[in-house]
Amino acid sequence: MKILKNLLFAKPKTKGLPPMEKTGKGIQIKSEAEIAIMRQSAKIVATVLKEIQEITQAGMTTADLDKYAEKRIREMGATPSFKGYHGFPASICACLNEEVVHGIPSPKKVIRMGDILKIDTGAFYNGFHGDSCITFPVGKVKRSTRKLLKVAETAMYKGIEQVKAGNYLMDIAGAVQDYVESHGYTVVENFVGHGVGRKLHEEPSVFNVRTRDLPNVQLQAGMTLAIEPIINVGSKHTRLMGDRWTVVTRDNQLSAQFEHTVLVTETGYEILTDRTLVGVV
């Protein structure tokens, strides 16, 4: 593992939420052997998310999905990255509708027709994490809701398209911001993506809007990044609920998020958590 030293570690300004973990070693450049392991941890995450989307039905609770996710992660030889992380009590973050991030699964949180459900999860396998998030509709939803989900997912891919050695984090951020704002939505600014590897949250912070508050790191082959824009229908502003974890939109309008763990290559990128490859031999 090669290390890029002397880069400032930065984190978003959030209240009541755990910071990203400092490695004390700068940005980590993974070796081919380490990347091979990360492909496996990422595949576990992709498999679980694909299966959760397939089994989710109205009437289930988010606790049901959490139980399923933990069981499947362990069956595939990994451990849940999220469970116990800074005290988080579950294996997935499950957010409904106006919930933005870090929703705690609960037997009291019943999934209903017309909801949109955001599931974020991670798997720790042989020393490395994979991390990914999807948002999907439960049954039929309004056309405007379908548009939000499409824009949110496309915004993530617009950012990923900027990934290659020699480009900068600002290239990712600008692509995301421009696409989202061109469709009349807002980007949540106080939560960012991150490096991922031996730690769930590593350097650098991967921001989704143009900013001078975080280092504009140049990308190098071997970096592994979690790219994860969060898109709101209305205001970009959020508020923290009483459980000190769940974050919701301040105006109670819908929010959507997509995330992939992505490897930087010399000529572009590889999406390690690609769900379309699950089950492909």
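In this predicted model, Lys 109 lies in the loop that runs between strand S5 (99–101) and S6. Its relative accessibility is 16%, so Lys 109 counts as buried. The side chain of Lys 109 is joined to that of Glu 99 by a polar contact of 3.3 Å. Beyond residues up to four places away in sequence, Lys 109 touches Met 60, Thr 61, Thr 62, Ala 94, Leu 96, Glu 99, Gly 103 and Ile 104. The loop between S5 and S6 also holds His 102, a residue with a positive phi of about 65° although it is not a glycine. With 21% relative accessibility, His 102 counts as partly exposed, whereas Lys 109, at 16%, counts as buried.

We turn next to the annotated positions. An unreviewed UniProt entry lists Asp 120, Asp 131 and Glu 259 under "binding site". These residues are spread over 140 residues of sequence, yet they cluster in space, with a largest C-alpha distance of 8.1 Å. Asp 120 is placed in strand S6 (residues 116–125), and Asp 131 in strand S7 (residues 128–137). Both are buried: the relative accessibility of Asp 120 is 11%, and Asp 131 has a relative accessible area of 2%.

The surroundings of Asp 120 tie the listed positions together. Leaving aside residues up to four places away in sequence, Asp 120 touches Asp 131 and Glu 259, along with Phe 82, Ser 91, Ile 92, Cys 93, Ser 132, Cys 133 and Glu 228. For Asp 131, the side chain makes a polar contact with the side chain of His 194, at 3.2 Å.

Most residues other than glycine have a negative phi, and most peptide bonds are trans. Against that background, the peptide bond from Glu 203 to Pro 204 is cis, with omega near 0°; Pro 204 sits in strand S10 (residues 202–206). Asn 252, which is not a glycine, has a positive phi of about 65°. Asn 252 is found in the loop between strand S14 (247–249) and strand S15 (255–257), and its relative accessible area of 46% makes it partly exposed.

How values were computed: Residues numbered from 1 in each chain as written. Predicted model: local features only at pLDDT ≥ 70, side-chain atom pairs only at ≥ 80, totals over all residues. Heavy atoms only, no water. UniProt positions renumbered as here; feature names shortened; annotations may be inferred. Helix = DSSP H or I, 4+ residues; strand = E, 2+ residues; numbered from the N terminus. Buried < 20%, exposed > 50% of the residue type's maximum accessible area, 1.4 Å probe, protein only. Contact = heavy atoms within 4.5 Å. Polar contact = N/O pair within 3.5 Å; in protein donor to acceptor, adjacent residues only side chain to side chain.
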